[in-house]
Amino acid sequence: MKVTRREFIQVTGATAAGLAVSGLGFDLKPVKAHAQMLKTKYAKETTTICCYCAVGCGAIVHTSKRGDGRVINIEGDPDHVINRGSLCSKGASLKQLTENENRLTEPMYRAPYSKEWKQVSWDWALSKIAKRVKETRDATFKVKNKKGQVVNRTEGIVSVGSSALDNEECWIYQALMRSLGLVYVEHQARI
Amino acid sequence: MSKSFFIDTTLCTACRACQVACKQWHDLPAEETENRGTYENPADLSFDTYKLVRMREEVIGGKLQWLFFPEQCRHCAEAPCLDTAGDETAVYKDAATGAIIFTANTKGLNVDEIIESCPYNIPRKGPDGTLAKCDMCLDRVHNGLLPACVKTCPTGAMNFGERSEMVALAKSRLSTVKKTNPKAALLDPDDVNVIYLVTEKPSLYHEFAVASNTAFDITRQVALRRMFKPLTNIVSRLL
Amino acid sequence: MTNHWIDIKNSDCILIMGSNAAENHPISFKYVTEAQQKGAKLISVDPRFTRTSSKADIYTALRSGTDIAFLGGMIKYLLDNKLYNKEYIANYTNAPFIVGKSFKFNKGLFSGYEAAKKGQGPALGKYDKKKWGFEMDKNGVPKMDRSLKNSRSVFQLLKKHYKRYNTKLVSKITGTSREDLLKVYKTYAATGARGKAGTIMYAMGWTQHTVGTQNIRTMAMIQLLLGNMGVAGGGVNALRGESNVQGSTDHCLLWHIWPGYLKTPRASNVSLAAYNKKWTPKSNDPLSANWWQNYPKYSVSLLKSFFGEKATKKNDFGYDWLPKVDDGKAYSWFDLFDAMYKGTVKGFFAWGMNPACSGSNANKNRKAMAKLDWMVNVNLFDNETGSFWKGPGVNPSKIKTEVFMLPACTSVEKEGSITNSGRWMQWRYQGPKPLGNSLSDGDIIMELGNKIKAAYRKSGVSSEAIRNLKWDYLTHGEYDPHKVAKEINGYYLEGPKKGKLVESFGKLKADGSTSSANWLYCHSYTEKGNMSARRSKKDAPNNIGLYPEFAWCWPVNRRIIYNRASVDLKGQPWDKKDWVVKFTGDVKDGKYVSKKWIGDVPDGGWYPLENPDGSKRKDAKYAFIMRKHGHAQIFGPGRADGPFPEHYEPLESPIAKNLMNPQRMNPTAVVYTTDADAYATNSAKYPYVCSTYRVSEHWQTGLMTRPQAWLLELQPQVFVEMSEELAKIRKIKNGERVKVASARGSLECTAIVTKRFKPFKIAGKTVHQVGVPWNFGWRWPESGKEESANLLTPPTGDPNTRIPETKAFMVNIKKI
């Protein structure tokens, strides 16, 4: 993708690097000789659309090109015609959604009657889920209803979600669920 | 040329994006808070909170109003904190912008006196005795960006630019708002680089909305090297 | 939204009712503010004074659940004072249609009502809608009286229906003063003048009622009466709450519809031909575009996307393989949790969703989960659903459910598109890689699909759909959103353009020669490229903020739908300044001789209905092209609860009787009846009206905001807001913890005693209302003390949508 910095600069007449020491925790020797650099200067810039409400605000994501390659900063995209650089409190906290120590980073499994989660591999989890889906589907599948009409469905499996998915993900998701014969497919628009 | 903020409280919806954007840009930690029977949180500015939207419910002339006041350092033209500190490596004025900047060298100074000198009750002490407050996002401003709080503001309540432009904008908004709100006024516009437009008595928004608020402890005023003028004179002098 | 976010700036009067835009859609206020600065009036109607109300020119309160009474009063005001746009309603709406004699309304019931017999629920009753049909002429075209004088015309029936909605009665029901009612009516009615536009911004404050659909219809009727549909700064604008709830609805992650709002086949649709015949509307009026006549083109193209080459004419394009629902049965959210509670559901996917907190009567849903064999929960964070087995009061050693918790990555860690409330499809890019071992939902779905397909390769029950499902969306072993986006747009499968992307849905065919996984999005990713990734800031010639080359919008990049109603019969805009489309074809001898529309993409490019000399054209089409008869529906005979909205009380209400008619509540609403579905109406035990809502700083159940320290700092705890008057009665101090309870559950909240709630006077009785945000749940914050407001909410919903009535129910409050 191509995102230029063309209008990222908003204030007129600013000099490139001034004499500034902001915040705290910096070594101040020599105090005014330290020309502060923007933390985002060498970061990769990508555009995104906020994942909260449906206004569809644009944001710029600054990702470190070094080290762990994580997000340094996310702020409003001034070239976006809807929000023109602004974001609300939730949008302004987008970085903390991604760089968050509370996030799930491994598949987890809870066995029947167990008191705890167990970390598992993706392959193990998805193979086991596929097995459960097949068992349940095949046991509850109805080719015909009481009237004898062909219905090819299961009412033994339900799926809810998800307005949190991208359009393309939504499409393959519903295709997979419908191919399995699910009729109980519902999502956020219903509640 | 110095830079100024113009904060038009008539347009503020208290979405509080400015509060979060400030923390986001400065990588400031959240505080542990509790609901105190109000949406306003944290309870006060702190070493980790430079910006705080004050929210007050007031019935004025029989009509309920929810008054919002995004509080922050005013970056005074003649800053009492700077004079009180008396150490340019600790508190200095950035020549290019007029921003009043606190550094780590505030540690070890008589910080209580510096805090006491502020007519707006802004600086806050950290656990190790250093002082912190709004730094005008000086790194951003020097690199041509708007301060984080201004950039994120959806409605135009927060504005930033050359002082002359902000003064002009403040005047223009004041004259518009006055048509429907005769009590509208700019707060301490000649003395600060963060000019607020309000439509009600300043103390209704926040105890320290203006320097000369009567709720203000007299000792604090005495500590000022330069006395701020009484409210009646300052609010509309720009007109 | 019929219009879009930026367009709000073009409005002359913005009514925010049933939503709280400043808090829940804060960036919308950029445009509300801009409109206000240009002189627009902002009206906020809400039981509670909100951050939206704080910016309003007019604020007034109404009791939750009385919106139809409030708005019905506005309809009466418009009709009494002749403030409607007569030319507009006579030509663009069904106001002139003649309704058949079997239509009647008496004592709160329309003709054709049959109450449910015992055990028949959950619907309390249903109507035979055939009783509400229009009279047809000999050609099968509805009879019309464009003078609107016929006593059986929709217009005259409308007058009769709302005659009862006088301000005195409306005030008694809503608790809004008559002065305030008139102030709102008068201000909003001013938008009926030519060149003026009024808009409505609504959200769940209107949908989450047993009369939710009719709340919105009442406003849509007002918008039609005032000529506000199709114009800049007008429309009916649902402020949708999730970033891709629009796109996921368009792709129909819902039981009753297939991608592109096609119908889920009923069991009685025994073949593709029968299915297409059933759902393709027929109009005998040559002036009606009846766009849905193209239905078979879209359904067959969808099946081609489902099954690719495996879908052939011979096998009905695989139609039989896909699941069919029983006629007359609903499979909605409420129904699926009811089935789960009764133990018939064994397996459960909760994909980016947290039903332990989000569903009404959440205690029932949580108990239902314990009856499952297995659950798959895909999310960013551990949550109240995936960890329901260790929630408050739950003993894990008693819960058999096997749970798989799969870590999804965040939206900035993957690539793909989402569609905003204004129907704009926007592409986003990958910043960092997924954190840890998290994966994109796309990768999870693809891999799960591969494993399931592999499992069915050897054996399995009726597995044609699974085995034949086209599943080729990987590139170098990874999910490729571009491949899916292209499939959604659709391809030519035969002929000279074989393998090329289809330009727009006008080119789709019903013979299997095209594919399109969603006809509405056909035009979004063409040989010209990914239209949703466009970034041009150039506005259209009308300069009203359409930005036609920024992103892409359905349908066919039309930014304001129903825009043919923004012009008069000759194709000239009602509003000369902020016009949307304009006909600029050549004129010869008073007749149009060439076709040209400028501005937005017009709703069909046909000639206007009249020539400049006033003569009628035969090659024109009516303005509302998606309606069978080409006219917007002031009379809506398709609704489950009647063709005209009528005020009914919520399931749980503070008064014993409906003051408008003898039917206490919507006689067709759904009410669930297991032992977990308790309710109590007009009961001393639960005397206070309660509504749920959200705060600006959290999002939905809070699962994507509560684990974030910065947002939790701003709103750390669940609260209940109440008036100073009620706090005094209950001896509650501001900031104290209190217990809020309904017939279904209770939770601990911090009391916010506020001037922003005021008691209502309802039929001479003082009625208190309180409110609790539903953004909380026990998992985050980690104190475990902040619970979901949906523990309180009732087991009832709208008869059309089955959306729950979480905006009006009854509670009690006690000091702890």
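Helix 6 of chain C passes helix 7 of chain C in a right-handed crossing. In this predicted model, helix 6 (residues 167-174) and helix 7 (residues 178-189) of chain C pack at an angle of about 110°, and their axes are 9 Å apart; the two helices are therefore roughly perpendicular to each other. On the side of helix 6 of chain C, the contact is formed by Thr167(C), Lys168(C), Val170(C) and Ser171(C), while helix 7 of chain C contributes Arg178(C), Leu181(C), Leu182(C) and Tyr185(C). Sorted by class, the residues of this contact between helix 6 and helix 7 of chain C comprise four nonpolar, two polar and two charged.

Helix 6 of chain C also packs with helix 3 (residues 67-80) of chain C, at an angle of about 165° and with the axes 9 Å apart. That angle makes helix 3 of chain C roughly antiparallel to helix 6 of chain C, and the crossing of these two helices is left-handed. Here Ala69(C), Phe70(C) and Gly73(C) of helix 3 of chain C meet Val170(C), Ile173(C) and Thr174(C) of helix 6 of chain C, a set of residues that divides into four nonpolar, two polar and no charged.

From helix 3 of chain A, the residues in contact are Trp122(A), Asp123(A), Leu126(A), Ser127(A), Ile129(A), Ala130(A), Val133(A), Lys134(A), Arg137(A) and Asp138(A), and they meet Ile444(C), Glu447(C), Leu448(C), Lys451(C), Ile452(C), Ala455(C) and Tyr456(C) of helix 16 of chain C. By class, the residues of this contact between helix 3 of chain A and helix 16 of chain C divide into 10 nonpolar, one polar and six charged.

Chain A is itself divided into domain 1, covering 31-103, and domain 2, covering 108-190. The C-alpha centres of these two domains of chain A lie 35 Å apart.

Over all chains, the structure holds 61 aromatic pairs. One of them is formed by Phe5(B) and Phe160(B), whose arrangement is edge-to-face, with 4.9 Å from centre to centre and 65° between the planes. This pair links distant parts of the chain, since Phe5(B) belongs to strand 1 (residues 3-8) of chain B and Phe160(B) to strand 8 (residues 158-162) of chain B, 155 residues apart.

Several features of the backbone were also noted. Most residues other than glycine have a negative phi, and most peptide bonds are trans. Arg16(B), a residue other than glycine, has a positive phi near 70°, and Arg16(B) is placed in the loop between strand 1 and helix 1 (17-26) of chain B. In chain C, a cis peptide bond with omega of about 5° joins Gly121(C) and Pro122(C), and Pro122(C) lies in the loop between strand 6 (113-115) and strand 7 (125-127) of chain C. The peptide bond from Trp554(C) to Pro555(C) is likewise cis, with omega near -10°, and Pro555(C) is found in the loop between strand 21 (552-553) and strand 22 (581-583) of chain C.

Technical notes
Residues are numbered from 1 along each chain as its sequence is written. Chains are lettered from A and ligands numbered from 1 in the order in which they are written. This is a predicted model: local features need pLDDT of at least 70, side-chain atom pairs count only at pLDDT 80 or more; totals for chains, interfaces and linings use all residues. Side-chain values use heavy atoms; hydrogens and water are left out. Domain bounds come from an automatic or database domain assignment. Contact means heavy atoms within 4.5 Å. Helices (H or I, at least four residues) and strands (E, at least two) are DSSP runs, numbered from the N terminus. Ala, Val, Leu, Ile, Met, Phe, Trp, Tyr, Cys and Pro count as nonpolar, Asp, Glu, Lys and Arg as charged, and the others, Gly among them, as polar. Rings of Phe, Tyr and Trp (its six-membered ring) pair if their centres lie within 6.5 Å; planes under 30 degrees apart count as stacked, over 60 as edge-to-face and the rest as tilted. Axes are lines fitted to C-alpha atoms, for helices over the stretch in contact, and angles run from 0 to 180 degrees between N-to-C directions. Angles under 35 degrees count as roughly parallel, over 145 as roughly antiparallel, 65 to 115 as roughly perpendicular and the rest as oblique. A crossing is left-handed if the near helix is turned anticlockwise from the far one by less than a right angle, and right-handed if clockwise.
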